[in-house]
Amino acid sequence: MSIAENRRARFEYHIEEQYEAGIVLEGWEVKAIREGQVQLPDGYVLIKDGELFLIGCRINPLRTASTHVNPLADRTRKLLMKREQIRRLIGKVEQRGYTIVPLNLHYKDGRVKVEIALAKGKAQHDKRETEKKRDWEREKGRLMRHKVGGPAKD
């Protein structure tokens, strides 16, 4: 079940490979995510000391959060993956000019997971092509809905 989606990622980048990663969260963050108080608009993944960190994921604290907790909505969150996968991602990012972007947050077996992707930035003409395809699909759906049924009568 999807929690939040980064729709801009598929528009801004060519998605090469997708991975699933765990995310280190605090208790108030899990409660806020269950209430739908999460956004992934400009998220990206940073590599530091052989570890992956999610930046740009905004989890708004609930008003009913505990008084002794100091919630930070935009804090950096650590991602959990197997060491071999992390090494492979680091190699591709350093050598081939890829970037790692989060695609969505979802539940799996009661835990919050992040789907991340190895991606390359699109050029401006590629973005225009994506918009054209999306507009054509929308127009095609509109034409199909308004199509008059049956053969034409003379």
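User: Which residue in E9 is the bridge partner of Tyr 107?

Analyst: In E9, Tyr 107 has Val 112 as its bridge partner. Keep in mind that this is a predicted model.

User: What makes E8 and E9 count as paired strands?

Analyst: Pairing asks for at least two bridges between the strands. Nine bridges join E8 to E9 (residues 111-121), and the two run antiparallel. Nine meets that requirement, so the strands pair. They also form a hairpin with two residues between them, and in the turn Asp 109 has a positive phi of about 55°.

User: Why is His 106 called buried?

Analyst: Buried means under 20% relative accessible area. His 106 has 12% relative accessibility, so it counts as buried. This residue is found in strand E8 (residues 99-108). Seven of the ten residues of E8 are buried, so the strand is largely enclosed by the rest of the structure.

User: What makes the pair of His 106 and Asn 104 a polar contact?

Analyst: The two side chains make their polar contact at 3.0 Å, and the cut-off is within 3.5 Å. Leaving aside neighbours within four places in sequence, His 106 is also in contact with several residues, among them Met 1, Glu 20 and Arg 111.

User: How do you know that the buried residues of H2 are on the same side?

Analyst: In helix H2 (residues 27-34), the buried residues are Trp 28, Glu 29, Ala 32 and Ile 33. They cover an arc of only 135° around the axis, which means they are on the same side of H2. The face turned away from that buried side carries the exposed residues Lys 31 and Arg 34. Among the elements that the buried residues pack against are E1, E8 and E9.

User: Which residues have the most contacts inside the largest nonpolar core?

Analyst: They are Leu 52, Leu 79, Met 81, Leu 89, Leu 105 and Ile 116, in a core of 26 residues. E9 gives the most to this core, with four residues. A second, separate core has five residues, including Val 101 and Leu 103.

Definitions and conventions:
Residues are numbered from 1 along each chain as its sequence is written. This is a predicted model: local features need pLDDT of at least 70, side-chain atom pairs count only at pLDDT 80 or more; totals for chains, interfaces and linings use all residues. Side-chain values use heavy atoms; hydrogens and water are left out. Buried means under 20% relative accessible area, exposed over 50%, partly exposed in between (1.4 Å probe, protein chains only). A polar contact is a pair of N or O atoms within 3.5 Å; within protein, one must be able to donate a hydrogen and the other to accept it, and residues adjacent in sequence count only if both atoms are side-chain atoms. Contact means heavy atoms within 4.5 Å. The arc is that of the directions from the helix axis to the C-beta atoms. A nonpolar core is a set of buried Ala, Val, Leu, Ile, Met, Phe, Trp, Tyr and Cys residues joined through side-chain atoms within 4.5 Å.
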